[in-house]
Amino acid sequence: VLQKCIVGSVFTNCYFLKNKETGEMLIIDPGDNAEKIEQKILEMQGKPVAILLTHGHFDHATGAGELAQLLHIKIYAQEKEKETLENPQLNLSGWQGSELVFYADEYLKDEQEIDLAGFHIRVFLTPGHTVGGCCYYFPYQNTLFSGDSLFQTSIGRTDFPKGSASQLIHPIREKLMPLPDETAVYTGHGDMTTIGTERMYNPYL
C-alpha cells in the first residue's frame with residue numbers, strides 16, 4: 001500500500017509504503033511536519049521500521065530525526081550524502097534562516113541491496129542534485145523513489161551548492177532508463193511518472 005502526504009514550505013512528497021502482509025512500513029523523505037506524518041502512520045495503521053532519505057536537503061530531511069526518535073527506527077541515506085546532511089550550507093536549511101544539522105544511522109553504498117519491511121530495495125547513487133542523492137528501486141513492486149533526481153519530464157535542479165547538470169544526467173541514463181518501461185517513478189515534488197514515459201518525453205535525456 002503506497003500513500004503520500006505533502007509536507008513543508010516547498011511541497012515535498014513524503015511517501016509511506018506499507019507491507020500488506022506484515023503491516024510494516026517505510027517512510028521516505030519526511031521533510032517536515034513530524035506530527036502530520038505521525039497522524040498519517042496512525043491512519044494507515046502501519047508499523048514503521050525505517051526512514052529512507054533520497055538526499056539531505058532540508059525539505060526532505062527536516063522531520064526525520066524527530067520521527068526516528070519518536071518511533072525508535074533508523075534513518076538510511078547514501079554514504080556520499082553525509083556531508084550534505086551535516087552541513088547547513090549544503091542542506092540549505094541556512095536559506096530558511098535555521099542552521100540545521102541532519103544525520104543518518106545507516107549509510108548505504110551505490111548498488112547496495114537491502115531488505116526492509118519485507119521489501120527488497122536497490123540503492124542507485126544519482127549525484128548531481130546533491131553529491132550523494134540517490135534513488136530507491138523496488139524491483140518486485142516495479143517502483144522507484146527518485147527524490148529530486150528525476151521528475152516528470154524534468155530533472156532535479158543543479159544550481160545548488162555542489163550540484164552538476166552533466167553529472168546528474170549520466171546516472172539517470174545509465175541506471176534508471178534501463179529499468180522496465182512500466183516502473184512507476186515517485187518523485188520528490190509534483191506528480192508521479194513512469195520510466196517509459198521519461199524515456200520518450202524527457203527533454204533532458
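## A guided tour: spaces, sheets and rings

Start inside. Select Thr54, His55, Thr126, His129, Thr130, Gly133, Cys134, Ser146, Gly147, Asp148 and Ser149: they line the largest cavity. This is a predicted model, in which local features need pLDDT of at least 70 and side-chain atom pairs pLDDT 80 or more, while totals for chains, interfaces and linings use all residues. Residues are numbered from 1 along each chain as its sequence is written, and side-chain values use heavy atoms, without hydrogens or water.

**The cavity**

Rolling a probe the size of a water molecule over the atoms shows where empty space is left. Here, a cavity is a set of points, on a 1 Å grid over the protein atoms alone, where a 1.4 Å probe fits but cannot get out. A pocket is an open set with protein on both sides within 12 Å along at least five of seven lines. Lining residues have an atom within 4 Å of a point. Points join across faces, edges and corners, and a volume is the space filled by probe spheres set on them.

The structure holds one cavity of 30 Å³ or more. The largest cavity has about 40 Å³ of space. Colour its lining by class: one residue is nonpolar, nine are polar and one is charged. (Ala, Val, Leu, Ile, Met, Phe, Trp, Tyr, Cys and Pro count as nonpolar; Asp, Glu, Lys and Arg as charged; the others, Gly among them, as polar.)

Next, select Val10, Asp59, Arg157, Phe160 and His189. Of the 13 residues lining the largest pocket, these are the closest to its centre. The space there is about 250 Å³. Its lining has six nonpolar, four polar and three charged residues.

Switch to cartoon view. Helices (H or I, at least four residues) and strands (E, at least two) are DSSP runs, numbered from the N terminus. Two strands pair if DSSP finds at least two bridges between them.

Find the open sheet β1-β2-β3-β4-β5-β6, with mixed pairing. Its edges are β1 (2-7) and β6 (106-108). Select 12-18 and 24-28: β2 and β3 run antiparallel, joined by four bridges. Lys18 stands opposite Met25 in β3.

Now select helix α1 (34-44). Helix α1 touches β1, β2, β3 and β4 (47-52), at about 160° to β1. Contact means heavy atoms within 4.5 Å. Axes are lines fitted to C-alpha atoms, for helices over the stretch in contact, and angles run from 0 to 180 degrees between N-to-C directions. Helix α3 (64-71) lies across β3, β4 and β5 (74-78), at about 150° to β4.

**The sheet that starts with β7**

Move to the open sheet β7-β8-β9-β10-β13-β14, also of mixed pairing. β7 (113-116) and β14 (193-194) each have a single partner, so one side of each lacks a neighbour in the sheet. Two bridges pair β13 and β14 in the antiparallel sense. Ala184 stands opposite Thr194 in β14. Helix α5 (165-176) lies across β8 (119-125), β9 (134-138) and β10 (143-147), at about 145° to β8.

**Last stop: the rings**

Rings of Phe, Tyr and Trp (its six-membered ring) pair if their centres lie within 6.5 Å; planes under 30 degrees apart are stacked, over 60 edge-to-face, the rest tilted. How many aromatic pairs does this rule count? Seven. Select Tyr15 and Tyr186: their ring centres are 5.6 Å apart and their planes at 70°, so the pair is edge-to-face. Tyr15 lies in β2 and Tyr186 in β13 (184-187), so the pair ties together parts 171 residues apart in sequence.
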